[in-house]
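Hi,

Here's the structure I promised to pass along.

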Amino acid sequence: MTRVILCDVGPRDGLQNEPETLSPAVRADLVGRLAAAGLPRVEAVSFVRDDRVPQMSGAEEVVAALDRSGPTDLSGLVLNERGWERFRAAGLDRVNVTFAATESFNRANGNASLAEAVSTAESIVAEATEPATVTISVAFGCPFEGRVDPGVVVELAARFSGRAEVVLADTIGVATPSNVRALVERASAEGFHGHNTRNTGYANALAAVEAGAQLLDAAIGGLGGCPYAPNATGNIATEDLVYLLDGEGIETGVDLDALIAISTWLEGLLGRRLEGYLYRAGPWP
């Protein structure tokens, strides 16, 4: 049976686009619930400026409140050297360094040029003693520059081959399965991060696995989006993805009922219906 690693990015990519800011204690509680559901990896925090993304403020407080005794790898996202310094002081299991495939998105999201962002990522990967993931955002399309040249993405991914796990992100949810299959294979990417903005996210995730990806990002309840990507709605929902993968004979090792319970809890916490479907429809049979 094929097996994939699921990373729930709900506590980071999911919550960063919510109108309200949840306390560090509640965010740590969410991470703990996800870990207890059997997720092998959870992206717990991002080390970014509080004034830029207030929903992610107090990352160190979140980390301090986490139960680190279980097998789940807890990761933190960094964009720059300052974030990297904070990550090292906090001491999580894995660092996720991200930059965009286009000049414009790097400027909007990280206030750096593409060359500067890539140089920073290379420096962090070289220094890291923890396992490193490099996520290339807007790999399939940019809100500012439109279609992205696949050759550029392949070249960027090649810089980190053998040094870090490479994840291709469809940040604004514009990809279709043939795009994903071709680029994941051509870039030899280990992972795929999909958004369901145009209802292609789940098909894209299957295409990524067919192309050789062993890691898929998703967010509990379908939470998420990017504050610097106009109209970028939620990630694919972790529980919906687990149901799909299980049905396709792809093993995840994640407790589906536990995920549904977390989404139900989150719905009450946020006071609105979430984007995912399964927590409302229920598992079957």
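Helices here are DSSP runs of at least four residues, H or I, numbered from the N terminus. One thing to keep in mind: this is a predicted model.

With that numbering, let's start inside helix 4. Glu-85 and Arg-82 form a salt bridge, with their closest N and O atoms 3.6 Å apart. They sit 3 residues apart in helix 4, so about one helical turn separates them. As for accessibility, Arg-82 counts as exposed at 52%, while Glu-85 is partly exposed at 41%.

Arg-86 pairs with Glu-60 in a salt bridge, 2.8 Å from N to O. That one ties together distant parts of the chain: Glu-60 belongs to helix 3 (residues 59-65) and Arg-86 to helix 4 (residues 81-90), 26 residues apart. Arg-86 is buried, at 13% relative accessible area, whereas Glu-60 is partly exposed at 34%.

Further along, Glu-210 and Arg-181 meet in a salt bridge too, at 3.0 Å from N to O. Again the pair links distant parts of the chain, with Glu-210 in helix 9 (residues 201-210) and Arg-181 in helix 8 (residues 177-187), 29 residues apart. Glu-210 is exposed at 56% relative accessible area, and Arg-181 is partly exposed at 32%.

There's a network as well: salt bridges link Arg-12, Asp-13 and Glu-43.

Cheers

Note on methods:
Residues numbered from 1 in each chain as written. Predicted model: local features only at pLDDT ≥ 70, side-chain atom pairs only at ≥ 80, totals over all residues. Heavy atoms only, no water. Salt bridge = Lys/Arg side-chain N within 4 Å of Asp/Glu carboxyl O. Helix = DSSP H or I, 4+ residues; strand = E, 2+ residues; numbered from the N terminus. Buried < 20%, exposed > 50% of the residue type's maximum accessible area, 1.4 Å probe, protein only.
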